[in-house]
Amino acid sequence: MANELSGKRVAIVVTDGFEQDELLKPRQALEEAGAKTEVISPKADKVKGWENAEWGIEVPVDRQMGQANPDDYDALMLPGGVMNPDHLRMDMSSVRFVESFVRTGKPIGAICHGPQNPD
């Protein structure tokens, strides 16, 4: 499985309050399979994880949402957590970014609360 995703780019859309293991472990698996992952967020610089009912580690943001083009990615990953999708579904640029993957039929991996509907 080391290079099954070689040359593929995966967008990971998150903001503060993502469930830490739901970002870190799948990201590691994607990268071990050869994918290049990028953390995309409405926030600049860093996002803060959530682990065991308290704030966890900070993860650097690779690209701010307004500068990300869904056409540049082969797949999308949406980590869960309760706060993370709750905030993202209120950010229309994030909603439009995710909707473009749905329209084009690109693969989407959504974990736990990650696929919460914006309605």
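This is a predicted model: local features need pLDDT of at least 70, side-chain atom pairs count only at pLDDT 80 or more; totals for chains, interfaces and linings use all residues.
Me: Which residues are linked in a network of salt bridges?
Reply: The network joins Arg 9, Lys 36, Glu 38 and Arg 63. Within this group, Lys 36 and Glu 38 form a salt bridge whose closest N and O atoms are 3.6 Å apart.

Me: Is Glu 38 buried or exposed?
Reply: Glu 38 is buried, as its relative accessible area is 5%.

Me: Why does Glu 38 count as buried?
Reply: Buried means under 20% relative accessible area, and Glu 38 has 5%, so Glu 38 falls in that class.

Me: Now to another pair: what does Glu 58 meet in a salt bridge?
Reply: The side chain of Glu 58 meets that of Lys 46, at 3.9 Å from N to O. This pair links distant parts of the chain, twelve residues apart.

Me: Where do Glu 58 and Lys 46 lie?
Reply: Glu 58 belongs to strand β5 (residues 54-60), whereas Lys 46 belongs to strand β4 (residues 46-51). Glu 58 is partly exposed, with a relative accessible area of 45%. Lys 46 is also partly exposed, at 46%.

Me: And which residue meets Arg 89 in a salt bridge?
Reply: Asp 86 does, with a distance of 2.6 Å from N to O. Arg 89 counts as partly exposed at 25% relative accessibility, and Asp 86 is partly exposed with a relative accessible area of 34%.

Key: Residues are numbered from 1 along each chain as its sequence is written. Side-chain values use heavy atoms; hydrogens and water are left out. A salt bridge is a side-chain nitrogen of Lys or Arg within 4 Å of a carboxyl oxygen of Asp or Glu. Buried means under 20% relative accessible area, exposed over 50%, partly exposed in between (1.4 Å probe, protein chains only). Helices (H or I, at least four residues) and strands (E, at least two) are DSSP runs, numbered from the N terminus.
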